[in-house]
Amino acid sequence: MSLQRRLPRLSQFRRVELPTPRQAALLQRKTWAVRASKLGLLLSRFESSFSLVCTDGGIAQRATVLYLDTADERCQFHAIRGTTPRFQVRHHGDLQTESCRLEVSVYTANEREQTESVRITRLGFQDARANNWLRQRLPFDPMLLQPSVRSTFTRLTLCDRHGARLEIDLDLLFTLGASKNRSGALARVSLVGPPPLNTQLVDAAITDLAEQAEHTSPWPFALPMVCLRERDQAGARPDPA
């Protein structure tokens with residue numbers, strides 16, 4: 001079923017096209033988990049203040065993101081605990097245009113996110129040029145990184161006149177090795193924008209609809225958090241540096 005039929009409220013939004021940012025930007029992000037069945041109501045609360053972003057003539061982007069991590073899951077544990085500064089490395093692939101990029105995000109105090117990216121030839125492959133690029137941005141050897149969680153989703157993007165974006169990710173599928181977690185009943189809703197990010201309007205609109213607030217990382221969606229915390233508290237292995 002098309003998104004227009006699944007979410008008829010989308011027809012009420014003004015449509016805009018935005019250029020893809022080419023330079024690193026300092027951003028703040030806040031993320032919620034919202035039941036997909038409540039998205040129609042959620043959209044109705046933003047149609048007067050946000051526009052629907054069109055990319056390559058369409059309103060939705062089908063994408064896959066492959067997160068990279070060390071063998072001791074340093075990036076994952078730092079994200080769960082809110083350690084700052086912390087780093088997130090990922091391959092981002094657009095399934096429609098088949099374009100891929102390597103991204104590095106650095107998270108500092110107040111969840112401020114600095115993201116840089118460089119094009120790569122294909123998802124899951126880094127050549128010497130990409131590894132050298134990473135070495136200039138990470139405090140550890142990029143050769144320690146290996147594939148971790150893969151996230152596939154359909155993204156809708158709304159934007160307001162102040163530069164804030166509301167990213168709505170549907171049809172979420174997470175893969176880790178042979179394990180899969182399909183979260184079709186939930187949507188990931190993220191407010192992203194330059195700091196200071198005013199979240200009051202979105203907070204007020206989402207609070208009664210959200211299942212829970214989430215970290216900026218993919219792991220709370222992808223893995224059973226209780227098991228991770230219990231394993232950590234039991235001292236099953238040392239804390240990653």
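Author: Helices here are DSSP runs of H or I with at least four residues, strands are runs of E with at least two, and both are numbered from the N terminus. Keep in mind that this is a predicted model, where local features need pLDDT of at least 70 and side-chain atom pairs count only at pLDDT 80 or more, while totals for chains, interfaces and linings use all residues. Residues are numbered from 1 along each chain as its sequence is written, and side-chain values use heavy atoms, with hydrogens and water left out.

Reader: Why is Leu7 called buried?

Author: Buried means under 20% relative accessible area, exposed means over 50%, and partly exposed is in between, using a 1.4 Å probe and protein chains only. Leu7 has 8% relative accessibility, so it counts as buried.

Reader: How do you know which residues Leu7 touches?

Author: A contact means heavy atoms within 4.5 Å. Leaving out residues up to four places away in sequence, Leu7 touches Leu39, Gly40, Leu43, Leu156 and Leu170. Leu7 and Leu39 are 32 residues apart along the chain, and their C-alpha atoms are separated by 7.6 Å.

Reader: What makes a group of residues a nonpolar core?

Author: The members must be buried Ala, Val, Leu, Ile, Met, Phe, Trp, Tyr or Cys residues, joined through side-chain atoms within 4.5 Å. The largest such core here has 28 residues, and Leu39, Phe46 and Leu158 have the most contacts inside it. Several elements supply at least two residues each to this core, including β2 (25-35), α2 (39-44) and β8 (146-159). Another core of 15 residues lies apart from it, with Leu66, Leu68, Val104 and Leu145 among its members.

Reader: What makes helix α3 "mostly covered"?

Author: Seven of the eight residues of α3 (residues 74-81) are buried. Phe77 and Ile80 are among them, and so are Arg74 and His78.

Reader: What is the phi of Glu98, and why does it get a mention?

Author: Most residues other than glycine have a negative phi, and most peptide bonds are trans. The phi of Glu98 is near 65 degrees, a positive value in a residue other than glycine. Glu98 is in the loop between β5 and β6 (100-108). With a relative accessible area of 68%, Glu98 is therefore exposed. Asp171 also has a positive phi, near 55 degrees, but its place is in strand β9. At 27% relative accessible area, Asp171 is therefore partly exposed.

Reader: Which peptide bond is cis?

Author: The one joining Thr84 and Pro85, with omega about -5 degrees. Pro85 lies in the loop between α3 and β5 (86-94).

Reader: How do you know which residues line the second largest pocket?

Author: On a 1 Å grid over the protein atoms alone, a pocket is an open set of points where a 1.4 Å probe fits, with protein on both sides within 12 Å along at least five of seven lines; a lining residue has an atom within 4 Å of a point. For the second largest pocket, 14 residues qualify, and Phe50, Asp160, His162, Ala164 and Asn198 lie nearest its centre.
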